Amino acid sequence: MAKKKRGLKEEYNLLTRDLDWEPSYVPFEEMYPYVSFEGIKIHNWDRWEDPFRVTVENYVRIQAEKERKFHAIRENIDMMQSQLDLTDARWLEAMKLFAGVAFNGEYNAHRLFQYVSRHVPIPAIRFAAFTQSVDELRHVQNEVLLFNNYNKYFQGFHSWKKVSHRHWLMSVIKSFFEDAMTAGPFEGLAAIAFGFEVAFTNILFVTMGSTAMANNDLCYTAVGFTNQSDESRHMTLGMMAIRAMLEEDPDNAPIVQKWLDKWFWRSYRAFTAIAYILDYVAPKKVVSWKEAFEMYIEDQVLNGLFKDLEMFGIRKPLYYEQAIIEKDRISHQAALILHRVSHVAFFHTFAPTAEDQVWLEEKYGDTWRDVWAKKWEQQTDPNYERNYPGLPMLCQTCQYPMVFAEPEDIHKTAYRHSEYEGETYHFCSDGCKTIFDDEPDKYKEAWIPAHEILSGNCGPAEDLLNYWGIDPEDGGDYYESTDYKNFEKWKKMRA
Amino acid sequence: MEQVEKRNRYVGLDLTNCPESEAIIEAVEQDNEDVKITRFPGYVKVESINKLVINKTSVEECLGDSWETEDLQLAVTSYYGFMADWDDDHIVLQWDNV
């Protein structure tokens with residue numbers, strides 16, 4: 001007689017939670033050495049479930065199907081030389097930035113999930129974090145294949161691994177993940193699952209994926225959507241973990257609040273480059289940073305998730321008002337500084353074209369006319385020195401160049417500083433200063449590129465480009481680049 | 001800020017363009033009130049105020065084929081709201097503090 005098929009819930013419980021065991025050879029605290037130092041109190045480890053109810057069987061089946069779909073698209077693109085269908089090769093300047101970020105972002109996310117999976121003693125979280133660590137490996141591998149295809153035709157993709165580890169701008173994302181991986185396991189989980197995945201990866205993979213499609217980059221679209229479909233599961237884990245901590249003990253609320261404050265701001269700053277990509281790099285633009293921020297952050301996170309968390313005494317993350325004020329600003333601030341550092345970058349930059357400016361004015365209205373259009377006028381004045389002398393000053397916490405304005409005065413650059421053990425540390429914002437002040441012993445150790453170069457830790461100064469993994473031709477102005485000239489030539493040949 | 005809080009509070013799904021997504025959207029429209037659909041290049045946002053239910057049988061009717069709730073993972077790129085329930089016959093996405 002055929003056995004009755006088990007339901008999803010029963011199957012899930014049998015194959016995940018019920019496989020967990022109580023250690024008998026060693027005490028619980030020895031098996032989970034990091035479980036108590038963060039102060040999180042959990043009374044019932046077993047009652048939490050992953051709403052996706054992922055088991056090994058359905059994980060493997062669904063992921064295999066996603067892979068099959070993705071590689072069919074990718075191979076087709078490779079065969080059809082679809083890079084010539086792009087609206088303009090300028091779009092690939094965004095992909096170069098993404099290539100620099102990917103190894104740190106995805107591979108370190110893989111390591112972080114391994115760490116969470118090993119050290120958080122909630123079976124549902126351990127299993128979900130394990131599958132997610134495998135997801136992140138899939139992402140980085142698929143992205144490398146994507147860069148491999150671009151690298152056959154375009155500059156700037158040849159040494160993404162070196163760039164990722166060493167380039168001064170990439171210390172933004174590197175410091176983000178190293179910060180999360182050196183926190184306790186519960187904080188590490190809050191960092192990746194809440195800060196990164198519930199909130200901001202939507203803009204990276206969905207909005208940017210959609211923009212990629214509008215620019216006929218089907219390959220990034222495919223990568224973005226397939227990655228973010230895994231991130232949906234990761235978001236669920238993040239929300240479940242936060243609720244679990246809040247519901248298990250009221251004493252957890254202030255600890256969780258501090259993490260939400262910190263990782264909201266940390267993630268927000270880390271994603272500044274995406275604002276630049278949406279508003280400036282994309283030749284055909286779909287949704288502005290401001291609109292994406294309103295949709296994914298204001299509506300879904302601040303007005304959505306945080307209103308539910310109010311039930312547990314959680315308020316919106318610290319300085320969220322400043323992020324709202326900045327939605328008119330950060331893409332322009334990022335574009336202006338990147339334009340000035342393209343001689344030390346692994347991607348080309350450019351001033352917005354007449355067509356770009358029409359769109360920017362439509363999306364940013366008065367702020368565009370009164371502030372940013374004027375800054376671009378100055379920046380492109382032939383009497384004005386385009387390149388920044390040396391490297392720009394970086395914030396000690398987020399490691400972004402210090403280019404953000406005072407919340408109340410758009411014309412004045414914000415500078416914050418803290419004195420600690422006789423040294424002065426500089427910050428781009430109240431958010432970054434608050435994070436430092438809470439754990440100065442951690443952030444005083446930050447690997448600040450300019451300091452390390454001067455200390456001789458990056459090889460001889462004249463060989464810096466090589467140390468970073470860049471060829472002098474990788475940077476400079478897009479419209480004077482070989483990439484631009486080649487693309488125009490290839491398109492003509494095909495026509 | 002105050003402005004943010006005055007907006008309608010939706011839960012929703014971002015679905016990639018594929019036949020399954022269209023069937024899911026049709027099923028969601030049938031089984032929920034105040035459904036809002038916004039199309040972007042490559043994906044569709046389907047939203048409903050505070051709560052959204054996906055029923056397996058409705059999706060199967062719209063698709064004209066069998067469909068398992070776990071197959072949602074192949075169509076969904078992102079979502080928001082809490083996954084309040086995910087069983088063999090339905091999926092419920094909602095905010096609790098309403």
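1. Burial comes first. A residue is buried if 20 or more other C-beta atoms lie within 10 Å of its own, exposed if 12 or fewer, and partly exposed in between, with C-beta atoms placed from the backbone. By that count, 42% of the 98 residues of chain B are buried. For chain A, the share is 51% of 495 residues.

2. A word on the source. This is a predicted model, in which local features need pLDDT of at least 70, side-chain atom pairs count only at pLDDT 80 or more, and totals for chains, interfaces and linings use all residues. Residues are numbered from 1 along each chain as its sequence is written, while chains are lettered from A and ligands numbered from 1 in the order in which they are written.

3. Chain A as a whole. Chain A holds 20 helices and 4 strands; helices (H or I, at least four residues) and strands (E, at least two) are DSSP runs, numbered from the N terminus. Its radius of gyration is 23 Å, close to the 23 Å of the globule rule for 495 residues, so chain A is as compact as a globular protein of that length. That radius is taken over C-alpha atoms, and the rule is 2.2 Å times the number of residues to the power 0.38. The C-alpha atoms of chain A fill a box of roughly 75 × 65 × 45 Å along the principal axes.

4. Contacts along chain A. Two residues are in contact if their C-beta atoms, placed from the backbone, lie within 7 Å. Take the contacts in chain A between residues at least 6 apart in sequence: 78% of them join residues at least 24 apart.

5. A helix pair in chain A. Helix α3 (residues 56-80) and helix α9 (residues 218-248) of chain A pack at about 170 degrees, with axes 9 Å apart. Axes are lines fitted to C-alpha atoms, for helices over the stretch in contact, and angles run from 0 to 180 degrees between N-to-C directions. The angle makes α3(A) roughly antiparallel to α9(A); angles under 35 degrees count as roughly parallel, over 145 as roughly antiparallel, 65 to 115 as roughly perpendicular and the rest as oblique. On the α3(A) side, the contact uses K66(A), F70(A), I73(A), R74(A) and I77(A). On the α9(A) side stand L218(A), C219(A), A222(A), T226(A) and S229(A). The residues of this contact divide into 6 nonpolar, 2 polar and 2 charged. Ala, Val, Leu, Ile, Met, Phe, Trp, Tyr, Cys and Pro count as nonpolar, Asp, Glu, Lys and Arg as charged, and the others, Gly among them, as polar.

6. Strands β3 (residues 416-420) and β4 (residues 423-427) of chain A run antiparallel, joined by 5 bridges. Two strands pair if DSSP finds at least two bridges between them. S418(A) faces Y425(A) of β4(A). The hairpin has 2 residues between its strands, and E421(A) in the turn has a positive phi of about 50 degrees.

7. Two loop residues to check. Q399(A) is not a glycine, yet has a positive phi of about 70 degrees. It sits in the loop between α15 (354-379) and β1 (405-406) of chain A. Q399(A) counts as buried, with 24 C-beta neighbours inside 10 Å. N50(B), also not a glycine, has a positive phi of about 65 degrees. N50(B) lies in the loop between β3 (43-49) and β4 of chain B. It is partly exposed, with 17 other C-beta atoms within 10 Å.

8. Chain B as a whole. Chain B has 4 helices and 7 strands. From the N terminus, its elements run α-β-α-β-β-β-α-α-β-β-β. Its radius of gyration is 13 Å, close to the 13 Å that the globule rule gives for 98 residues, so chain B is as compact as a globular protein of that length.

9. The sheet in chain B. Three strands form an open sheet in the order β4-β7-β6, with antiparallel pairing. β4 (51-55) and β6 are the edge strands, each pairing on one side only. β6(B) and β7 (residues 90-94) of chain B share 4 bridges. F82(B) has Q94(B) as its bridge partner in β7(B). Helix α3 (residues 56-63) of chain B lies across β4 and β7, at about 60 degrees to β4(B).

10. Where the chains meet. The contact takes 29 residues from chain B and 37 from chain A. On the chain B side, β5(B) gives the most, with 5 residues. That side divides into 14 nonpolar, 7 polar and 8 charged residues.
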